[in-house]
Amino acid sequence: MKIAIVGSGLSGLACADHLVAAGHQACLFDKARGPGGRMSTRRADTAVGQVSLDHGAQYFTARDPAFQTVVKQWQESGTAALWAAAGPDAWVGVPAMNAPIKALAARHDVAWSMRIDGLVKQGDSWQLASEEHIIEALFDAVILAIPAEQAASLLEPWEHDFQALAEKTVSAPCWTLMLAYANPVNTSRATLRDDIVIGWAARNSDKPGRTGPDSWVIQASPDWSIEHLEDSPQQIVAALSDRFSELLGITLPDPLIASAHRWRYARSGKTDHSALYNGDLKIGVCGDWLIGPRVECAWQSGTALAKMVLA
Ligand SMILES: Cc1cc2nc3c(=O)[nH]c(=O)nc-3n(C[C@H](O)[C@H](O)[C@H](O)COP(=O)(O)OP(=O)(O)OC[C@H]3O[C@@H](n4cnc5c(N)ncnc54)[C@H](O)[C@@H]3O)c2cc1C
């Protein structure tokens, strides 16, 4: 089969890997400019060198033996390493969180900067619509590997049970502050957790393989992010910087970079399914939101969907 996969995050790529290994053709489409999805990395030039900041997933665990095998391969190829500061079984991408995704995407046919706005049925085949034009290629099956909220609207004309499930599986937002300093922040701590305002803060430059200036990623808690969802990035930079300074009990140096990013669909909900597939219509859905809000769940869901398609 020639299969279209909308979304080239870990779930879509894991699914593509299995389908291609079984002899199918997978064509991926992603609205982003490059690889990462919610495991993405921001790069910026500063007066003291380039800095990269993992502004999505901070680290991931691998408890499923099948995912452990994959992560071991990432470790052997140098795209992942353990990061003890976050826990004994905490993994990160190397030299940046998006490295494993970048390596996976390089093995596949991915169309970047391609936002899919609709699905069109053409006899037994599927076509994809992007920015009000229909992409010519015909596909035997289509897979949505995108957050629940984004999957719901694409499913709407075609699969009402899947759409209903996607609609009731709500994600929490996350305001994220990225900071870089010429003079390191005066603390020996590499992480902070579980404050009512700051759910997580990490010295990004402490992760293995990072170069460049002292850098931090600070994530607001879900409740605070919801309360401040429509605040401006400037307001978020000020509020989270103040709280960070308060928690460390120090005055922060002037930052080289202070930038806020709003993830509207950061932490997914979960369902009782690992993936969804309608074999009559040949439409499938995968993503972390089927299993839970973690990197490992995204991989498991993509893998589960490939098995359903192959069955
Ligand atoms: C701030 C934050 C912190 C996190 N922290 C952790 C953590 O510490 N540990 C952990 O395990 N997990 C964490 N996660 C969750 C983890 O990142 C996700 O579970 C995982 O990356 C989801 O992978 P996915 O493939 O399901 O979705 P995504 O990575 O979101 O991939 C979906 C892809 O689809 C694309 N897309 C969406 N809509 C369209 C469309 N209409 N057309 C084309 N392309 C589209 C997007 O650009 C994206 O690349 C965090 C996430 C966030 C945002």
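**View 1. Helix H2 and the glycine after it.** Gly-78, with a positive phi near 85°, follows helix H2. Helices here are DSSP runs of H or I with at least four residues, strands are E runs of at least two, and both are numbered from the N terminus. H2 (residues 65-76) has twelve residues and spans 16 Å from its first C-alpha to its last, close to the expected 16 Å, which is 1.5 Å times one less than the number of residues. The model is predicted: local features require pLDDT of at least 70 and side-chain atom pairs 80 or more, whereas totals for chains, interfaces and linings use all residues. Residue numbers start from 1 along each chain as its sequence is written.

**View 2. The open five-stranded sheet.** The strand order is E13-E14-E15-E12-E16, with antiparallel pairing; two strands pair if DSSP finds at least two bridges between them. E13 (191-193) and E16 (255-267) form the edges, each pairing on one side only. Strand E12 (residues 172-181) joins E16 through nine antiparallel bridges, and Trp-175 has Arg-262 in E16 as its bridge partner.

**View 3. The shell around the ligand.** The ligand is surrounded by 36 residues, the closest being Gly-7, Gly-9, Gly-37, Arg-38 and Ala-298; a residue counts if its C-beta atom, placed from the backbone, lies within 6 Å. Elements giving two or more residues are helix H1 (10-21), E12, E16 and helix H9 (295-310), and H1 gives the most, with three.

**View 4. The ligand between two domains.** Domain 1 (2-40 + 99-170 + 269-310) and domain 2 (42-97 + 172-267) both give residues to the shell, so the ligand lies between them. The domain bounds come from an automatic or database domain assignment.
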